[in-house]
Each structure stands twice: as structure tokens, then as C-alpha cells.
Amino acid sequence: MANMGSIASLAMAVIINGNDDEATGGRNTMRLWGLVVCHHTSARCIPFPLRYACEFLMQAFALQLNMELQLAAQMSEKRVLRTQTLLCDMLLRDSPSGIVTQSPSIMDLVKCDGAALYYQGKYYPLGVTPSEAQIKDIVEWLLAFHGDSTGLSTDSLSDAGYPAATSLGDAVCGMAVACITKRDFLFWFRSHTAKEIKWGGAKHHPEDKDDGQRMHPRSSFKAFLEVVKSRSLPWDNAEMDAIHSLQLILRDSFKDAEASNSKAVAHAQLGGLELQGVDELSSVAREMVRLIETATAPILAVDVEGRINGWNAKAAELTGLSVEEAMGKSLVHDLVYEEYQETVDRLLSHALQGEEDKNVEIKMRTFGLEDHKKAIYVVVNACSSKDYMNNIVGVCFVGQDVTGQKVVMDKFIHIQGDYKAIVHSPNPLIPPIFVSDENTCCLEWNTAMEKLTGWPRGEIIGKMLVGEVFGSCCRLKGPDALTKFMIVLHSAIGGQEADKFPFAFFDRNGKFVQALLTANKRVNMEGQIVGAFCFLQIATPELQQALRVQRQQEKKCFARMKELTYICQEIKSPLNGIRFTTSLFEATELTENQKQFLETSVACEKQMLKIIRDVDLESIEDGSMELEKAEFFLGSVINAVVSQVMLLLRERNLQLIRDIPEEIKTLAVYGDQARIQQVLADFLLNMVRYAPTGEGWVEIHVRPSLKQISEGVTIVHTEFRMVCPGEGLPPELVQDMFHSSRWMTQEGLGLSMCRKILKLMNGEVQYIRESERCYFLITLELPVSQSGSKNED
């Protein structure tokens with residue numbers, strides 16, 4: 001790096017998923033795929049947003065790279081399966097030598113320079129291979145030193161201990177062997193790799209320099225070839241799995257051939273040939289099923305109607321749906337989310353017409369108690385399934401689970417979107433915000449800061465807040481202002497937050513701005529401080545207007561509270577006078593009617609006094625209001641309720657129709673008399689208020705029924721029905737009564753409170769509107785007094 005003139009460097013790792021074989025504890029391992037390294041000829045501090053963007057770019061690149069690698073592995077697995085199928089088909093139709101002499105051959109199964117079949121003492125070479133004498137020597141060596149093994153793979157025959165390896169030269173260095181029987185073998189050969197191994201960084205002289213035109217590695221770093229003798233490319237796991245699968249198929253095929261007296265080679269009797277073909281086909285089918293079942297990718301198949309007829313273990317693991325449960329289900333309607341059904345329909349249509357689709361994302365359902373509401377995202381390749389007559393009989397899907405990558409990307413995008421939407425909102429309630437990293441470099445500059453300072457975000461991001469942004473772009477007032485701002489910012493980065501620090505500067509147009517600065521520390525997910533989050537409090541015209549409206553509302557509310565307090569206090573004096581006059585009136589000789597009128601007046605006075613004393617609406621809202629329990633007569637309550645609407649009835653020229661049984665008037669019960677009067681009077685008053693005038697009417701029905709709930713305990717279940725003709729109460733009043741937490745009308749507030757008081761007494765109210773009338777239906781249950789009624793007394 002010194003010879004390159006590089007002072008600063010930035011290295012970014014590309015991390016991808018590791019091999020499944022390396023996974024521990026059910027978790028996938030990660031491995032380093034490569035590095036992206038940048039150099040600079042001078043010292044350079046990379047700001048946090050740029051580093052974060054580079055890291056995100058590498059993560060996105062790694063996700064895409066990982067997907068490409070997995071897709072390549074799946075394509076390779078698919079190619080191997082297809083080649084194995086064709087090779088097995090050759091074994092059924094021809095002699096075993098067909099897998100060497102025809103196309104495709106065993107050389108197409110794995111990457112090699114040559115291949116050979118040694119079958120019943122005969123040698124069938126293909127490509128770069130040893131001579132027949134040399135192959136027989138290799139067979140004798142295998143039987144002598146590896147007789148107990150089913151095969152062998154090596155990238156150097158010399159290292160493997162073959163004594164005649166030098167006689168083979170560089171043409172044959174690596175070898176993979178599959179032992180079919182004790183005398184039949186399959187071979188694959190690889191040459192040495194001197195032409196493929198490249199190195200960078202050859203030995204060089206320290207005085208070698210670049211040409212100065214553009215920074216690049218010196219000529220001594222150019223790639224060169226190192227001659228590697230007697231060693232080939234190693235055989236990877238996927239290649240050995242393919243060889244092993246073919247070995248199993250050939251073993252079954254050769255055993256069946258021997259059991260049927262080698263009918264596939266000798267073309268013997270037709271019946272024996274058919275039996276051998278069935279057995280060989282069964283062997284091939286078993287191996288193909290095993291490969292599909294053990295595949296690391298989800299594989300599923302459907303028939304021409306789109307119903308599942310193939311479902312491997314990986315698909316069952318991802319979805320939580322076993323093979324037995326999956327069979328016969330509709331892929332489109334039962335397993336795929338609705339928004340992806342059109343996509344899957346299109347895949348099926350194309351595949352059934354012989355057209356293949358690749359890398360299509362679908363969203364599938366999961367099943368089971370824990371994962372019932374989760375979803376998995378799978379990128380699939382769709383291809384046609386054909387029978388032995390080459391007719392399309394369904395569709396096969398080979399997929400790749402990308403749920404983890406999808407969830408991570410979606411969460412990141414949502415968080416980034418929410419953050420930007422809030423910080424950069426033009427709403428006047430969002431304050432001016434700017435953010436710094438641990439080096440006081442500006443990372444964020446929101447819309448409110450742009451509007452306040454006149455400096456756009458693009459010209460500020462990446463600059464130093466102390467000196468460049470505030471100092472050069474936005475001049476500070478006073479010689480010590482920059483020092484104080486620097487102390488506040490570094491204190492916040494150090495963990496000491498500042499609140500409402502006086503901060504003044506000049507904007508881009510020279511306008512003087514006064515504000516209060518609040519600086520808080522920024523922490524990452526591990527709790528480490530990574531910078532400061534700052535915002536300014538400015539008395540903008542919009543904020544001033546909002547505060548002015550708020551103050552006016554608070555002033556109005558306070559005035560109403562004063563009025564209510566004044567009324568509640570001052571109304572007590574005349575009410576006490578009325579009560580005293582009533583008590584004097586009670587001491588005189590009265591007729592029966594006068595006594596009833598006086599009783600009604602006293603009940604209304606108690607109701608008024610109760611409302612004045614208990615103005616705590618919150619206790620009604622939360623159900624904590626205490627109710628009195630005293631003995632009273634239902635008839636007295638009804639008289640008091642009716643008296644409170646009589647003046648309004650006369651003003652509106654309405655007739656009151658009463659349908660009240662006589663026994664109600666003398667029935668003694670327990671409860672809160674004043675609150676029951678309040679509730680019934682408010683409901684009846686609203687019916688009178690909205691009844692149509694001009695020979696109109698309002699009707700009140702009372703229907704009691706006694707129920708004995710236990711020995712000596714009787715309750716009266718009473719229905720009060722208050723009816724008026726016409727349309728009845730306005731919709732907004734009904735809305736206030738039943739649904740609103742903020743009331744549009746005073747009457748709505750009263751009805752809502754009465755409904756909640758009634759609920760505290762275990763009562764209910766319904767408002768019912770019919771074609772030509774409407775009514776309140778109120779139900780209430782009260783315990784009956786054991787003393788009975790007035791008549792009994």
C-alpha cells in the first residue's frame with residue numbers, strides 16, 4: 001500500500017450464508033465471500049451516513065449474491081437430476097455401455113476431462129483417460145487397498161498412494177471412482193490445474209512504482225500462473241452426491257441384470273426383458289424420490305387442475321403442512337395468499353403450455369398453532385411435468401426460501417420510511433432537527449431546518465456542524481457562540497444532554513434567528529453513543545397561532561368552570577329557602593291532593609340538590625359513583641318525573657298519555673330515588689322536546705313484573721316505554737348518547753350521563769325508531785321492600 005501511495009483505506013465485507021453441513025444448533029452459519037476495498041491518497045474520515053450506506057449496499061449485494069448462488073446450486077441440482085434421468089433411461093433401453101458411448105454421457109454429470117466404464121472386463125473410455133492396461137492396474141490397486149470401500153475421490157493420485165501415478169503424467173491427476181460391483185467400476189478423471197490457478201502479488205522489488213497517472217496495483221501485482229504439478233481441482237460435495245446417486249442406480253440395475261441372466265445385454269426373452277425394465281424403472285423411481293425428498297430446496301408438484309401431488313420434506317418443514325395433509329389441496333386457493341393467486345395462476349398456465357418461468361416470488365401460508373398467521377416467501381422456478389409419452393401432466397416447482405431476507409428488507413424499509421416521514425414532515429408541529437455523528441459531522445437536516453436556515457439538505461449533509469455549518473454557512477452571533485455550541489454538542493455526544501440552550505444565528509439571507517437548542521445523545525442497538533440528536537424550538541407563526549387557539553380554549557373552559565362553580569354555589573341559597581317554605585307548608589292542614597303535590601315538590605328538590613352536590617362527571621364515566629339505597633314508592637318517582645315535563649307539554653300544546661298500573665303507585669322498593677328520577681325525567685323530557693306540535697302527544701307506559709330470586713327476596717322488573725310520533729330525536733343526539741366521547745350538544749351530554757347512571761344501577765336503555773313513531777325502552781330491576789305497599793301500611 002505504501003508503494004501505491006495509499007494512506008487511507010475502507011474495507012467492506014461481503015458475507016453470505018455458509019454450507020448447510022456447517023450449521024450448528026439449527027442456525028445457518030455465515031462465511032466471508034470477499035472484500036470490497038477502497039483506497040485514498042490522503043487521510044479521510046468517512047461520515048457515518050456514507051459508511052452506513054456502504055454497509056447497507058454490501059448487505060443488499062450479499063443478499064442478491066446469496067440468492068444467485070443458491071439459484072445456481074438449484075440449477076446445477078436440476079441439471080444433475082435431468083442427466084441422471086436420461087442416463088437411467090439409457091440403461092433401460094440399451095446396454096450399460098450406452099452411458100459412455102451416447103449423449104448425454106457420464107461426463108455430463110460432473111465437470112471432468114475424461115470418464116470411463118469398466119464393465120465385465122471390458123473398457124469403455126471417453127475423453128482424456130488412462131490406457132486399458134493402466135486402468136486395469138488402477139482396478140487391481142483399488143481392490144487391493146480400497147476393497148472395502150464403495151468408491152474413492154482424490155485430487156492427486158500420487159498423494160492417494162497410487163504407485164504408478166507418475167506414469168500417468170499431468171493428463172490424469174485427479175480421479176473419482178464409483179464401485180458398482182467387485183469387477184465393475186465407473187471412473188471420472190481430471191487433469192492438472194496449472195492453466196487455471198492464478199495468483200496476485202508476485203515477488204517484487206520495493207522500488208517498483210506506479211506510473212502516477214492513476215492509482216492501481218503495480219505491475220508486479222499482476223496475475224501470474226504457478227505451475228502446480230500432479231494436482232487437479234478438488235471434487236466438491238454436490239459432485240460426489242451426484243456420483244453416489246448414479247452409483248446406487250447402477251448397482252440396482254446391474255443386480256437385476258444378473259438376476260435375470262443379463263437379459264439387458266444378451267437381449268433374451270421378451271418377458272424377462274419387461275420384468276427387468278419394470279425393476280430398473282422402480283429402482284430409478286426410488287432414487288429420484290429419495291433425491292427429491294432429501295433436497296435442501298422446497299420442491300412441490302401439482303396436476304393439471306392445480307392440486308398438490310408432490311410435496312417434499314423441505315416444503316413440509318417451511319409450511320408446517322405434512323405430506324399427507326398437503327396432498328389434494330389447491331395450490332392457488334389453499335396454500336397461496338390472495339394477492340399472489342393471480343401470479344401463481346399465470347405460472348401454472350405458462351407451464352401447462354410448455355413455457356418455463358424463473359425467479360418468481362410467491363407468498364405461501366403456514367399451518368400449525370404457532371405459525372398459523374405467519375407467511376413464507378419463496379422464489380420458484382416452474383417447469384412442465386411430462387409422462388413417458390411426453391404429454392404434459394402437471395407442473396413442478398423448485399423453490400428457494402427467501403423469507404428471512406424479505407422480512408429484514410421490509411423491516412429496514414419500513415423503519416427508514418417511518419423515520420424519514422416523521423423527521424422530514426412539513427407539518428409545523430415537527431421542529432427543526434439536525435443530527436451529528438460522534439465526530440460532529442452532520443448526518444441529518446430535516447425540512448424544517450431547510451425552511452428555517454435557507455440551506456438545502458444536500459449542501460449540508462457531510463459537513464462539520466461546528467465551523468462549517470454553524471460558523472460558515474450559518475454565522476453565529478458573538479465571539480463565544482461557536483465555542484459554547486461546540487461544548488453543548490460534545491457534551492451531548494459524551495452523554496450529558498442539554499435542554500433549551502439559547503442559540504442564535506443568521507440564516508442564508510442574513511436574517512437573525514433566535515431559538516432554544518436541545519441536544520440529546522444518539523445510541524445504537526447495543527446502547528453505544530454514536531452521536532447527537534438536536535432540535536430547535538422556534539416560535540413560528542403557525543406555532544404561535546396554535547398556542548393562541550389553545551390558550552383561548554383553555555380560557556373558555558376555565559370561564560365555563562367558574563360559571564358552573566358559581567351556579568352550584570349560589571343556587572343552594574334559594575333552594576334552601578324553598579325547602580324551608582315546603583317544611584312550613586307540611587306543618588299545615590292539607591288535603592290529599594295538596595299532600596301529593598307537596599310530596600312531588602319535595603322529590604324534585606331532593607333531585608336538584610343531589611345533582612348540585614354530585615357534579616363529578618368522572619365518577620360517572622369510570623363507574624365509581626356511589627348510589628344511595630333507601631326505601632321509596634315508585635308512584636312518587638313517576639309523579640315527580642311527570643311534573644318536570646308538564647310546563648313544556650303546555651308550551652308545545654302536547655297531550656301526555658299515561659298507561660301506569662295502579663299497583664305501581666303504592667309499590668315500595670329500594671334504590672337511589674333521586675338518580676332514578678333524574679334518568680327517567682331526562683329521557684321523557686327529550687321525547688317531549690322533539691315530539692311534533694299541533695295536537696301531538698307523548699305516551700308513557702310502565703310494565704312491572706315481580707320475580708322471587710330467593711326465599712324472602714323479591715325484585716320488580718320494570719319496563720318504562722316513552723313514546724312519541726314522528727321522526728323523534730336528531731341523529732347527532734343519538735350519536736352523542738350512545739357513541740361519542742365528545743358531545744356536540746348539551747342534551748347529548750345529559751342523555752349520555754343518564755345512560756351511564758342507569759348502567760350503574762344494572763339497568764338498560766334502548767332507542768327504537770319505527771316507521772311512524774319512536775320510543776325509549778328502559779328496563780330496571782329494584783328489590784321490593786318487605787314492608788309492602790301503602791295500602792298494607
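How many residues does helix α11 have, and how far does α11 reach from its first C-alpha to its last? Helix α11 (residues 341–352) has twelve residues and reaches 16 Å, close to the 16 Å expected at 1.5 Å a residue. That expected span is 1.5 Å times one less than the number of residues. Helices here are DSSP runs of H or I with at least four residues, strands are E runs of at least two, and both are numbered from the N terminus.

A quick note on the model: it is predicted, so local features need pLDDT of at least 70 and side-chain atom pairs count only at pLDDT 80 or more, while totals for chains, interfaces and linings use all residues. Residues are numbered from 1 along each chain as its sequence is written, and side-chain values use heavy atoms, with hydrogens and water left out.

Back to α11: Q341, T343, V344, L347, L348 and A351 are buried (under 20% relative accessible area; exposed is over 50%, partly exposed in between; 1.4 Å probe, protein chains only). Just after α11, G354 takes a positive phi of about 90°.

Now for the rings. F434, W445, F470, F485, F503 and F505 form one aromatic cluster; rings of Phe, Tyr and Trp (its six-membered ring) pair if their centres lie within 6.5 Å, with planes under 30 degrees apart stacked, over 60 edge-to-face and the rest tilted. The structure holds 15 aromatic pairs. In one of them, the centres of F683 and F776 are 4.9 Å apart and the planes sit at 45°, so this pair is tilted. Both F683 and F776 are buried.

| Charged residue | Ring | Distance to ring centre |
|---|---|---|
| R365 | Y337 | 4.7 Å |
| R475 | F506 | 4.6 Å |

Note on methods. Lys NZ or Arg CZ within 6 Å of the ring centre and 35° of its normal.
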